[in-house]
2 protein chains.
Amino acid sequence: MRESTALDQMICFQLYAASRAMTALYRPHLDPHGLTYPQYLVLRVLWHDGPTTVRDLGRTLRLDSGTLSPLLKRLETQGHIRRERGTHDERTVVIHPTATGLALQQAVGDLTQQLVCATGLTLDELTQLHHLLSRARGRATP
Amino acid sequence: MRESTALDQMICFQLYAASRAMTALYRPHLDPHGLTYPQYLVLRVLWHDGPTTVRDLGRTLRLDSGTLSPLLKRLETQGHIRRERGTHDERTVVIHPTATGLALQQAVGDLTQQLVCATGLTLDELTQLHHLLSRARGRATP
DNA sequence: CCCAACTTAGTTGTGCACAACCGAATGGTG
DNA sequence: CACCATTCGGTTGTGCACAACTAAGTTGGG
């Protein structure tokens, strides 16, 4: 089992390094719009799902309020989102994308092709990678 | 190409989420020793390679001095490492593991088995994942 | 030899992540 | 109704990441 030991260690480091490398690939495309990668993820959820509570954003992105609250405050300052108290449950806060927040979807555009090219992986390999990552995360975050 | 678009996006998010899930798996094993995951990575390099310059640590872990300098300062405060100016090139700083730093290798022990179990991936799948992550990162960080 | 270009490590400032905690709102139970 | 555990969003404090900059040391070309 000697290889396994080294391999597992490397997997964890590879994940850590690959994740940072990917966000570095996004950076030059997001920077011109004043966005960070986590902010972009939040906007993607809003573009796809419309107004969303802070709770649901946290569940989707697996981030807690300690991370989301200041991030949302920055997006609000930039005018991309609007906060609104929930009506029937006043504990909740609903995040609405504003017109400028929605416009960003077109402005940022489709980053897919450039990133697929950057990795050099085939569509088949991307599918495999997606499958393995889902499984790896499956038991870890039930 | 509709699937490709969604897939690529998901890959990047999956990497991001999987990486955080993995460090979360390490946390309970490292916390008792007062270590964070990046600190553990630094120590692993020192355990494996012996005294190492800050430059080489950065190259190996793909972290810059802005990240490493304060991290190493904390490891030094904890008594796990010692800094020493390079002799023939006084710009360099060589990081030496101390006795307590080396002892941590035994204290932390082998986290492999528990983490392999946590993911539920087979050895074969781990090998695939390792391969794909290397390739994905390959062109991104030449 | 001398100086300009480069390398190395460190500092500063911003923005995540996450643990720990807080107060307000909610909802079930006696 | 009164009580209390739970949920929700926010704040605080610590530790990465990374861009931009600095200062000290090194090196090669004139």
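# Reading the model of chains A and B

Author: From the N terminus on, chain A runs α-α-β-α-α-β-β-α-α-α. The model is predicted, so local features need pLDDT of at least 70 and side-chain atom pairs count only at pLDDT 80 or more, while totals for chains, interfaces and linings use all residues. Residues are numbered from 1 along each chain as its sequence is written, chains are lettered from A in the order in which they are written, and side-chain values use heavy atoms, with hydrogens and water left out.

Reader: Why are α2(A) and α5(A) called roughly perpendicular?

Author: Helix α2 (residues 37–49) and helix α5 (residues 99–108) of chain A pack at an angle of about 110 degrees, with their axes 10 Å apart. Angles under 35 degrees count as roughly parallel, over 145 as roughly antiparallel, 65 to 115 as roughly perpendicular and the rest as oblique. The pair α2(A) and α5(A) is therefore roughly perpendicular. The axes are lines fitted to C-alpha atoms over the stretch in contact, and angles run from 0 to 180 degrees between N-to-C directions.

Reader: Which residues make the contact between α2(A) and α5(A)?

Author: A:Y40, A:L43 and A:W47 come from α2(A), and A:G101, A:L102, A:L104, A:Q105 and A:V108 from α5(A). Contact means heavy atoms within 4.5 Å.

Reader: How much area do chain B and chain A bury between them?

Author: Buried area is the accessible area (1.4 Å probe) that two parts lose on being put together, summed over both. For chain B and chain A this comes to about 5500 Å², with 64% of it on carbon and sulfur atoms. B:Q9, B:Y16 and B:L132 supply 11% of the area that chain B buries against chain A, more than any other three residues.

Reader: How many residues does each chain bring to the contact?

Author: Chain B gives 56 residues and chain A gives 56 residues.

Methods. Helix = DSSP H or I, 4+ residues; strand = E, 2+ residues; numbered from the N terminus.
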